[in-house]
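Here is a short briefing on one protein model. Look at the structure first, then read the points below.

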Amino acid sequence: MSKQMTAPKVVLTVGNSMMGDDGAGPLLADLMETNPIEGWIVINGGSAPENVSYQVRELQPQCVVIVDAADIGLKPGEIRVIDPDYIAEMFIMSTHNMPLNFLIDQLKDDIPDITFLGIQPDLVGFYYPMTEAVKNAVDEVYQGIKSWRVDYFPELEVCDEDESE
C-alpha cells in the first residue's frame with residue numbers, strides 16, 4: 001500500500017481551555033475524541049503545541065490541520081484559512097509559548113500539506129467562559145473536517161499596502 005492510502009490525516013489543536021475563547025482548539029479535540037472522524041487523528045497541543053510535534057511527525061500524516069483561536073480582526077466565531085507565511089507578518093495575538101509559524105515551518109520539513117484554521121475569539125482571559133459564537137464555530141470546524149476540502153472554509157483576505165492606495 002502507498003503512504004497516501006495508509007497515512008492518517010491529523011488535526012492538531014492549540015489553545016488553553018481556561019482562557020475563554022482560546023479554548024476553541026481543546027474543545028475541538030474533546031469533540032473529536034468523543035466522536036471520532038474516520039481517517040482523522042486528533043492531537044491536543046494545548047498552549048505548547050511544539051511539545052507534541054514529535055507525535056505528529058511519528059504518524060507521518062498526509063496532511064495536518066492546525067486549529068487555534070486567532071485574533072484576525074473579524075466577527076467572533078468567524079473561521080478562516082490563514083496562510084502560514086502570513087502568520088509572522090500579522091503577528092497574530094497568541095497565548096502560546098512559541099509563535100505558530102515556527103511550529104508550522106518545523107513540521108513542513110516532513111509534512112508538505114499543512115493548513116492553519118483560525119477562529120476569531122471574542123473573550124480571552126483566565127476563567128472566562130467560552131462564547132456561543134466560538135462554540136458554534138468549533139462545531140462548524142468539526143463538520144468541515146468530516147468532509148474535508150481545503151476550500152471548505154474561506155481564506156483570510158490580506159490587503160497589501162499597495163492595493164489600498
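Leu27 is partly exposed, with a relative accessible area of 30%. Partly exposed lies between buried (under 20% relative accessible area) and exposed (over 50%), using a 1.4 Å probe and protein chains only. This is a predicted model: local features need pLDDT of at least 70, side-chain atom pairs count only at pLDDT 80 or more, and totals for chains, interfaces and linings use all residues. Residues are numbered from 1 along each chain as its sequence is written, and side-chain values use heavy atoms, leaving out hydrogens and water.

**Leu27 and its helix**
- Leu27 lies in helix H2. Helices (H or I, at least four residues) and strands (E, at least two) are DSSP runs, numbered from the N terminus.
- Apart from neighbours within four places in sequence, Leu27 is in contact with Met130, Lys135 and Val138. Contact means heavy atoms within 4.5 Å.
- Leu27 and Met130 are 103 residues apart along the chain, yet 9.7 Å separates their C-alpha atoms.
- The buried residues of H2 (residues 24-34) are Ala24, Gly25, Pro26, Leu28, Ala29 and Met32.
- Their cover includes strand E1 (9-13) and helix H6 (132-146).

**The largest nonpolar core**
- A nonpolar core is a set of buried Ala, Val, Leu, Ile, Met, Phe, Trp, Tyr and Cys residues joined through side-chain atoms within 4.5 Å.
- The largest one has 24 residues; Leu28 and Met32 are among those touching the most other members.
- H6 supplies the largest share of this core, six residues.

**Confidence**
- The average pLDDT (the predictor's confidence in each residue, from 0 to 100) is 85.
- Among the elements, H2 has the highest mean, 98.
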